[in-house]
Amino acid sequence: MTGPAGSTGWRRVVAGFSDTADNYAASMAPSLRTMAVAVVQRAQLKVGERILDAGTGTGIGASAALTAGREVIGVDAAPGMLAIARREVPGARFVEADFAALPFPAGSFHVVISVHALHFAEDPTAVLAEWRRVATAGGRLSLSVPGPRAALSLKLYNPVYRRHGIRRRIEIPTARKLSTWARAAGWGQVRVTADPTTVIRLAGPDSFAIWMRSGSRSDNRSLSPERFAALENDLLAATPIGPDGLLHIPFGTLYLTARNL
Ligand SMILES: C[S@@+](CC[C@H](N)C(=O)[O-])C[C@H]1O[C@@H](n2cnc3c(N)ncnc32)[C@H](O)[C@@H]1O
């Protein structure tokens, strides 16, 4: 599986996140906090549990999971994102690593959480098996990814990208595919629910410009400044304004919970 925008592998995606981490923290992360809180609620965390936040980025999942009496470790391969996480969430520990090859012994965590990171995996079933390896017997998994497809910005933005001669290949799992990956990785009691109403909220054109220069969208930096500006203008024009007066980028969420039986 490839990441968004026809990327050439997870290392390139991660480098995009790392290089533009401040932009991510200012644009995307505040909206993903809603999904992070929902992931943590679904994980039903208990006092004394040890929790892994896989693909922690700037640490919003780790932050939502952290309370007194819980040990939270966030893993990400992007040092730029981790620098912000360490600053923002001093009570958690952050480790730079590929989440497909975790530097922890088997059975290290009672719970694995992950917020909007699994869809960047090249082999999601292998990654979910690795997350199961580090879970205790009976341990839980709670994660989110964007979806379902119909709830994303594809319908709005794909015609714009096409007009600009850019072909995007975005692989977002269906609910069925997501649960198939988890079952194939050995997880039991797999449940997937969809919330098509979640959105990325941006205050206006300035925030939109920051969002355009963050994460995997930073792939667009290979365009000339003129072509980038034209694309940005057209994407902005295609973005709806919500009842709160903010720009709303459609970005539904699939939530998965499972248990290591
Ligand atoms: C959309 S961000 C989500 C970050 C955070 N969970 C949040 O909700 O704000 C995806 C994160 O996954 C990380 N990532 C992608 N592939 C990875 C891999 N193979 N190993 C570790 N981190 C990875 C990226 O570096 C990025 O920080």
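What covers the buried residues of helix α5? The model is a predicted one, in which local features need pLDDT of at least 70 and side-chain atom pairs count only at pLDDT 80 or more, while totals for chains, interfaces and linings use all residues. Residues are numbered from 1 along each chain as its sequence is written.

Let me begin with α5. Helices here are DSSP runs of H or I with at least four residues, strands are runs of E with at least two, and both are numbered from the N terminus. The buried residues of α5 are G80, M81, L82 and A85. A residue is called buried if 20 or more other C-beta atoms lie within 10 Å of its own, exposed if 12 or fewer do, and partly exposed in between, with C-beta atoms placed from the backbone. The cover over these residues of α5 includes α1, α2, α4, strand β2 (71-76) and strand β3 (93-96). Contact, in this talk, requires that the C-beta atoms of two residues, placed from the backbone, lie within 7 Å.

Two packed helices are described by the angle between their axes and the distance between the axes. Helix α1 (residues 10-19) packs against α5 (residues 79-88) at an angle of about 45°, and their axes are 6 Å apart. The axes are lines fitted to C-alpha atoms, for helices over the stretch in contact, and the angle runs from 0 to 180 degrees between N-to-C directions. The two helices are therefore oblique to each other; under 35 degrees would count as roughly parallel, over 145 as roughly antiparallel, 65 to 115 as roughly perpendicular, and the rest is oblique. On the α1 side, F17, S18 and D19 meet P79, G80 and M81 of α5. These contact residues divide into 3 nonpolar, 2 polar and 1 charged. Nonpolar covers Ala, Val, Leu, Ile, Met, Phe, Trp, Tyr, Cys and Pro; charged covers Asp, Glu, Lys and Arg; the others, Gly among them, are polar.

I turn now to the ligand. How many residues surround the ligand? There are 25, and the closest are G55, G57, A77, A78 and V115. Helix α1 provides the largest share, 4 residues. By type, the shell holds 16 nonpolar, 7 polar and 2 charged residues.

Next comes helix α9, residues 205-212, in which F208, W211 and M212 are buried. Seen down the axis of α9, these residues fall within an arc of 100°, so they line one face of the helix. The arc is that of the directions from the helix axis to the C-beta atoms. An α-helix has 3.6 residues a turn, so residues three or four places apart point the same way. The buried residues of α9 pack against α2 (21-27), β7 (199-202), α10 (225-237) and β8 (247-250). S207 also sits in α9, but S207 is partly exposed, with 18 other C-beta atoms within 10 Å. Leaving aside neighbours within four places in sequence, S207 is in contact with S27 and L202.

With 14 other C-beta atoms within 10 Å, L156 is partly exposed. L156 touches A238 and P250, not counting residues up to four places away in sequence. L156 and L235 are 79 residues apart in sequence, yet 8.3 Å apart in space, C-alpha to C-alpha.

Finally, the backbone. Most residues other than glycine have a negative phi, and most peptide bonds are trans. Which residues does a cis peptide bond join here? The bond lies between G147 and P148, with omega about -10°, and P148 is in the loop between β5 (135-146) and α7. Q44, although not a glycine, has a positive phi of about 50°. Q44 lies in the loop between α3 and β1 (50-54) and counts as exposed, with 11 C-beta neighbours inside 10 Å. Q189 has a phi near 45°, again a positive value in a residue other than glycine. Q189 is found in strand β6 (residues 188-195) and, with 12 C-beta neighbours inside 10 Å, counts as exposed.

Conventions. A residue is near a molecule or strand if its C-beta atom, placed from the backbone, lies within 6 Å of it.
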